[in-house]
Amino acid sequence: MKISPSVQDVLNKQINAEFWSAYMYLAMANWCEEQGLRGFANWLRVQYHEENSHALKFVNYIHERQGEVKLQPIEAVPLTWKSVLEVMEKTYEHECKVTEMIYNCVNVAEAEKDRATVNLLQWYVDEQVEEEANADEIVTNLRFIGESKGALMQYDHVLKGRSFKDETK
Ligand code: OFO
């Protein structure tokens with residue numbers, strides 16, 4: 001069954017939001033790299049790849065449902081932050097906003113009685129629980145670390161271990 005115009009529209013908006021997220025995380029990764037925080041930069045680059053994969057999952061789905069993918073311009077993202085704590089606080093806040101957007105997609109799909117899209121979106125609902133928890137954990141750890149440069153460098157080293165696995169397939 002071909003995707004309805006309202007579901008197609010809200011998924012196209014979500015594609016733009018996912019690419020915007022990718023762009024923002026790449027900007028954050030660049031900033032961390034420039035501060036010498038290579039582990040945080042790595043963690044955020046993985047986040048960048050994840051967001052691209054989230055966008056592509058929607059792109060593929062719209063094609064599968066014989067719809068039309070309408071790519072829109074990506075708005076500018078912030079380029080500087082006061083501290084790495086601020087970077088991660090903004091990450092957490094952003095993920096909460098994305099969760100709301102995904103819930104809105106679910107509402108539109110439910111209003112159209114589009115079971116397939118509701119089913120697809122459940123993957124994103126679950127993913128958002130993880131995204132929020134990951135960012136929240138790092139914020140909590142950074143608050144414990146406080147002003148300790150040694151502890152920050154150790155934690156930065158731990159974050160070098162994160163690698164990208166495409167979970168959308
Ligand atoms: Fe696509 O999960 Fe973050 O934004």
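1. A crossing is left-handed if the near helix is turned anticlockwise from the far one by less than a right angle, and right-handed if clockwise. By that rule, α4 and α5 cross in a right-handed sense. Helices here are DSSP runs (H or I, at least four residues), numbered from the N terminus; strands are E runs of at least two.

2. This is a predicted model: local features need pLDDT of at least 70 and side-chain atom pairs count only at pLDDT 80 or more, while totals for chains, interfaces and linings use all residues. Residues are numbered from 1 along each chain as its sequence is written, and side-chain values use heavy atoms, with hydrogens and water left out.

3. Take the α4/α5 pair. The two helices pack at about 155°, and their axes are 9 Å apart (axes are lines fitted to C-alpha atoms, for helices over the stretch in contact; angles run from 0 to 180 degrees between N-to-C directions). The angle therefore makes α4 roughly antiparallel to α5 (over 145 degrees; under 35 is roughly parallel, 65 to 115 roughly perpendicular, the rest oblique). On the α4 side, the contact uses E137, I138, N141, L142 and I145 (contact: heavy atoms within 4.5 Å). A151, L152, Y155 and L159 are the α5 side. By class, this contact of α4 with α5 holds seven nonpolar residues, one polar and one charged (nonpolar: Ala, Val, Leu, Ile, Met, Phe, Trp, Tyr, Cys and Pro; charged: Asp, Glu, Lys and Arg; polar: the others, Gly among them).

4. Now α3 (residues 84-111) and α4 (residues 115-145). Their axes come within 9 Å and cross at roughly 165°. The pair is therefore roughly antiparallel. Its crossing is left-handed. The contact of α3 with α4 has 19 nonpolar residues, four polar and seven charged.

5. For α2 and α3, the axes come within 13 Å and the crossing angle is roughly 15°. So α2 runs roughly parallel to α3. The crossing of α2 with α3 is left-handed. From α2 come F40, W43, L44, Q47, E51 and F58. They meet V84, V87, M88, T91, E95 and I102 of α3. This contact of α2 with α3 divides into eight nonpolar, two polar and two charged residues.

6. Look next at the cores (sets of buried Ala, Val, Leu, Ile, Met, Phe, Trp, Tyr and Cys residues joined through side-chain atoms within 4.5 Å). The largest nonpolar core has 24 residues, and C32, F40, L44, M88, I138 and L142 touch the most other members. Elements giving two or more residues to this core are α1, α2 (38-64), α3, α4 and α5 (149-159). The biggest share comes from α1, with seven residues. A second, separate core has 20 residues, including I3, I15, A55 and L120.

7. What does F40 touch, not counting residues up to four places away in sequence? The list is C32, V84, M88, I138, L142, L152, Y155, D156 and L159.

8. S21 lies in α1 (residues 5-34). Is S21 buried or exposed? S21 is buried, because its relative accessible area is 1% (buried: under 20%; exposed: over 50%; partly exposed: in between; 1.4 Å probe, protein chains only). Beyond its neighbours within four places in sequence, S21 is in contact with E51, H94 and V98.

9. V108 is a residue of α3. In sequence V108 is 23 residues from L85, and the C-alpha to C-alpha distance is 35 Å. Setting aside neighbours within four places in sequence, the contacts of V108 are S6, V7 and V10.

10. Check two loop residues for backbone geometry. Q66 sits in the loop between α2 and α3. Its phi is near 55°, a positive value in a residue other than glycine. Q66 is partly exposed, at 46% relative accessible area. K113 sits in the loop between α3 and α4. The phi of K113 is near 55°, again positive and in a residue other than glycine. K113 is exposed, with a relative accessible area of 68%.

11. Finally, T168, in the segment after α5. T168 counts as buried, at 14% relative accessibility. T168 and A55 are 113 residues apart along the chain, yet their C-alpha atoms are separated by 9.9 Å. With neighbours within four places in sequence left aside, T168 is in contact with S53, H54, K57 and W123.
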